[in-house]
Amino acid sequence: MYKNIVEEIIELVNGKTEDIDWIGSSDGKKVMSWNEFNKKFNSLTYDNGFGGTEIAEDLVVIMKDGRWANRGGFDGAEWFVEHWAQDENTPIKQHDAVSFDQIVGKMK
């Protein structure tokens, strides 16, 4: 089944994209706003079914209210896993973070 990454994130946040603080890598070194992400990746579709993982495994979505989501998967199928509160695993945006151009395979 093919999925659009922007539509998947909109679904994740129940249409409330204004709740997104930032999107980027789990180490916080690659970061962009929702508007930047939407503009850059709005036409990106991928096969989220079984087979091989396509979207970078370290892609995270951090919300302003403390929720966050990271990539999960099994046997090549992939999706976002939502976390309802910040904890010791919550990614932190680094002060020297840079933007990124790719989320397929590895973030670059």
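Reply: Happy to, and let us start with the ground rules. This is a predicted model, in which local features need pLDDT of at least 70, side-chain atom pairs count only at pLDDT 80 or more, and totals for chains, interfaces and linings use all residues. Residues are numbered from 1 along each chain as its sequence is written, and side-chain values use heavy atoms, with hydrogens and water left out.

The helix to look at is α2, residues 34-41. Helices here are DSSP runs of H or I with at least four residues, strands are runs of E with at least two, and both are numbered from the N terminus. Within α2, W34, F37 and F41 are buried, where buried means under 20% relative accessible area, exposed means over 50%, and partly exposed lies in between (1.4 Å probe, protein chains only). Seen down the axis of α2, the buried residues fall within an arc of 65°, so they line one face of the helix; the arc is that of the directions from the helix axis to the C-beta atoms. An α-helix has 3.6 residues a turn, so residues three or four places apart point the same way. On the face of α2 turned away from that buried side you will find the exposed residues N35 and K39.

What does the buried side meet? The buried residues of α2 pack against α1 (5-12), β2 (20-25), β3 (31-32) and β5 (59-63), with contact meaning heavy atoms within 4.5 Å.

At 0% relative accessibility, G28 counts as buried. Leaving aside neighbours within four places in sequence, G28 is in contact with W22, I92, K93, Q94 and A97. The C-alpha atoms of G28 and Q94 are separated by 5.2 Å, although these residues are 66 apart along the chain.

Now for the whole chain. The protein has two helices and seven strands, and from the N terminus on its elements run β-α-β-β-α-β-β-β-β. Buried residues make up 42% of the 108 residues. Of the contacts with a separation of 6 or more, 65% come from residues 24 or more positions apart. The C-alpha atoms fill a box of roughly 35 × 25 × 25 Å, taken along the principal axes.
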